[in-house]
Amino acid sequence: MPLPCIITPGQRYYPPAAVEFDYYIGPSGSDSNDGLSPSTPWSITAINTKAGTYDGFSVGIMDGTYDLSAMTSVDAYAAVLQVEPGTEGSPTIIQAVSDSAAILDLGGNTKAAIGRWGSPTGQGYTEIRGLTVRNGARFGVQFSYASASDAVPGIVIDGCEIHDIVDAT
């Protein structure tokens, strides 16, 4: 596993502590599950269908490949997985349970895999961590708002691997 930073002589690396999540998503999960444990995970579509349930909490994406090729979004510019924002004191965290082992495979889909699109009012405070996004035809992770001058606080994209994204425009 690659280190998340460069270590120079005299420095020490302290790996992150084990994380427990408020909710879980698994490759064989179901939105009819409660999502509260690795044995009862939601499906990947819960990012859209459980909006209002997980905002401001942490969601662990379990190891596996998630096929997003047939998913559509609410708008021509929106990601197929629209993450609900959190707050400054309680951001929404979408994180791979194991770094880079949760793979969002777009299969040529022209939408971004995960992000948020729309008005910046009430948005922000979202963290996307440790996911692999691949095989897209336009974007991997996308946060877009009404205008380029709109400041949206608290967006963190960390430790993600994004590859094989081809500009299809």
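Of the 169 residues in this protein chain, 43% count as buried. Keep in mind that what you're looking at is a predicted model. The chain exposes about 8,700 Å² of surface, and carbon and sulfur atoms supply 52% of that area.

| Property of the protein chain | Value |
|---|---|
| Average pLDDT | 83 |
| Residues with pLDDT of at least 70 | 79% |
| Residues that count as buried | 43% |

One stretch to treat with care is residues 1–8, where pLDDT stays under 50. The model has eight contacts for this stretch beyond four places in sequence. Where pLDDT is low, the predicted coordinates should not be read in detail.

Now for the fold. The protein chain has one helix and 12 strands.

Let's zoom in on one residue, Gln82. It sits in strand β4, which covers residues 81–82. Is Gln82 buried or exposed? Gln82 counts as buried because its relative accessibility is 10%, and the cut-off for buried is under 20%. A polar atom of its side chain lies 3.0 Å from the backbone oxygen of Ala79. Leaving out residues up to four places away in sequence, Gln82 touches Ile47, Asn48 and Tyr54, along with Gly115, Arg116 and Trp117.

Technical notes: Residues numbered from 1 in each chain as written. Predicted model: local features only at pLDDT ≥ 70, side-chain atom pairs only at ≥ 80, totals over all residues. Heavy atoms only, no water. pLDDT = per-residue confidence, 0-100. Contact = heavy atoms within 4.5 Å. Helix = DSSP H or I, 4+ residues; strand = E, 2+ residues; numbered from the N terminus. Buried < 20%, exposed > 50% of the residue type's maximum accessible area, 1.4 Å probe, protein only. Polar contact = N/O pair within 3.5 Å; in protein donor to acceptor, adjacent residues only side chain to side chain. Areas by Shrake-Rupley, 256 points an atom, 1.4 Å probe, with all protein chains shown as cover.
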